[in-house]
Amino acid sequence: MGICEHFLLSELLLSTHSGEVALPGGKREEGDADDVQTALREAKEEIALDPSFVSVFTLLESFHTKYGVTVIPVVGILSDKDAFSPVLDSTEVKAIFDVPLEMFLKNDNRRAEEKERMGEKYLLHYFDYEFENNKYVIWGITASILIRAATLLLQQPPAFLERRPKIWGGITEGDMIILQKSSKV
């Protein structure tokens, strides 16, 4: 297997995104030295992930939401999955589950919907996943972040055209490869 096999995701209970699947994280607080410290603090608060269990691998490029929020994904490797015993913040997190990273590079269990925002067409990806008899849909910016992380960590482009909106980083290098191949046919 590659450097990383799974990502931890959670189902949220927050009033603004209730029932949605998201990565642990949140807003930088005054005491946070940087984005890495913010990510580690939030993961500890939300799912009791001890920062000493995490080796930070990289920060991905920024993703910007239509609400003006900038998301800076911090990718870390869990050093000992068996030592991690999640405790969920019951006010924020309903469930936690891990997902095979390669899922975000395959067409299996994926569907996409063409959208348009401010004259720009893009694809909104949805990944269906079942874990312990619960069904989850991973979509939107969370799916886009995971596609990007999988592309980087597994060193291969997705098997599909991603076509992100410009606010999420626009067309990707994987899209360019796919488009170049299809134009030669």
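Which residues does Met103 touch, not counting residues up to four places away in sequence? Select Met103 and look around its side chain: with those sequence neighbours left out, Met103 touches Phe127, Asp128, Tyr129 and Ile138. Keep in mind as you look that this is a predicted model.

Now widen the view. Met103 is among the residues with the most contacts inside the largest nonpolar core, along with Phe97, Val99, Phe104, Phe127, Tyr129 and Ile138. This core has 28 residues. To see where they come from, colour β7 (93-100), β9 (120-131), β10 (134-139) and α2 (140-154), the elements that give two or more residues to the core. Helix α2 provides the largest share, eight residues. In soluble globular proteins, nonpolar side chains tend to be buried together.

Next, select Ile47, Leu49, Phe84 and Ile96. They are included in a second, separate core, which has seven residues.

For the last stop, go to helix α1 (residues 35-47) and pick Arg41. Is Arg41 buried or exposed? Its relative accessibility is 16%, and buried means under 20%, so Arg41 counts as buried.

Show the side chains around Arg41 to find its polar partners. Another, of 3.1 Å, runs between the side chains of Arg41 and Glu42.

Notes. Residues numbered from 1 in each chain as written. Predicted model: local features only at pLDDT ≥ 70, side-chain atom pairs only at ≥ 80, totals over all residues. Heavy atoms only, no water. Core = buried A, V, L, I, M, F, W, Y, C linked by side-chain atoms within 4.5 Å. Buried < 20%, exposed > 50% of the residue type's maximum accessible area, 1.4 Å probe, protein only. Helix = DSSP H or I, 4+ residues; strand = E, 2+ residues; numbered from the N terminus. Contact = heavy atoms within 4.5 Å. Polar contact = N/O pair within 3.5 Å; in protein donor to acceptor, adjacent residues only side chain to side chain.
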